[in-house]
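Hi,

Here is the structure I said I'd pass on.

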Amino acid sequence: DARAGAELELRSLLHRRLGAPLGLGDDRSRVVAFVGPTGVGKTTTVAKLAAMAHLVGGKRIALVSLDDGRIGGTAALKAYAKLLDVPMSVATGGGLAQTLAEHRDAELVLVDTPGISPTHTEAFDELGRRLGRGGEPVLTHLCVAAATRSEELERIAHLYRPSSPAALLVTKADEAIAIGSVLGLRFAADLPLSFVTTGPQVPDDLTLAHPEVLIDLLLGGARA
């Protein structure tokens, strides 16, 4: 019928515009960082990606946290590192380059970062500088919750511009009624999507941001 035809046409258009997922980047992206608002699920996402790369992919990995200012800020990441039996370090101050040098044997280093209050604008610039002083390229993913409103997403993208994100990573898709605002940001910011998280389970609730996955979420669930 006409409705089915229109949906098929919409799916085809979105498929072309969304493009292939970035994933963690290419093989040259040894250091991958995750930035985004407090509570968006960065640390859990890092744990999922670490499990996928280490347990499934067989890669030598290391975890690094830039969250050196908050009491207990690194506890969860340390617990995941212990569980996965991978090294984990906290990069203090401007010492990311030294920390990365200590993990030069790792094929992949995942960097967790602290959430920042929107009122602390200078902290966003400082985070960008810290990531830029790593002594080697750092590929950054901007993590955004699927249920976030368009206006808030625009503000988040603006605030995290100093971190030079290369991709959008969508979290908590299971908590969202619709994800149109996130797709809107993907096109407005011209950033490819990398992964989608769909729950708290490590490492299960994580998938590459294939167009089919996003279109199903946008249109209200997978079609049989």
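Predicted model: local features only at pLDDT ≥ 70, side-chain atom pairs only at ≥ 80, totals over all residues.

Let's begin with K42, which sits in helix α2 (residues 42–56). This lysine is buried but has no salt bridge. The nearest side chain of opposite charge belongs to D112, 5.6 Å away; a salt bridge would need a side-chain nitrogen within 4 Å of a carboxyl oxygen. Setting aside residues up to four places away in sequence, K42 touches F34, V35, G36, P37, D112, T113, P114, G115 and C143.

Beyond its neighbours within four places in sequence, S65 contacts T74, L77, M88, S89, V90, A91 and D112. S65 counts as buried because its relative accessibility is 1%.

L10 is in helix α1 (residues 2–18) and counts as partly exposed, because its relative accessibility is 35%. From L10 to A91 it is 81 residues in sequence and 46 Å in space, C-alpha to C-alpha.

Finally, have a look at helix α7 (residues 180–188), where the buried residues are S181, V182, L183, L185 and R186. What covers them? The cover includes helices α1, α6 (150–159) and α8 (211–218), along with strands β5 (138–145), β6 (167–171) and β7 (193–197). After α7 comes D190, with a positive phi near 55°.

Cheers

Definitions and conventions
Residues numbered from 1 in each chain as written. Heavy atoms only, no water. Helix = DSSP H or I, 4+ residues; strand = E, 2+ residues; numbered from the N terminus. Buried < 20%, exposed > 50% of the residue type's maximum accessible area, 1.4 Å probe, protein only. Lys, Arg positive; Asp, Glu negative; His and termini not counted. Contact = heavy atoms within 4.5 Å.
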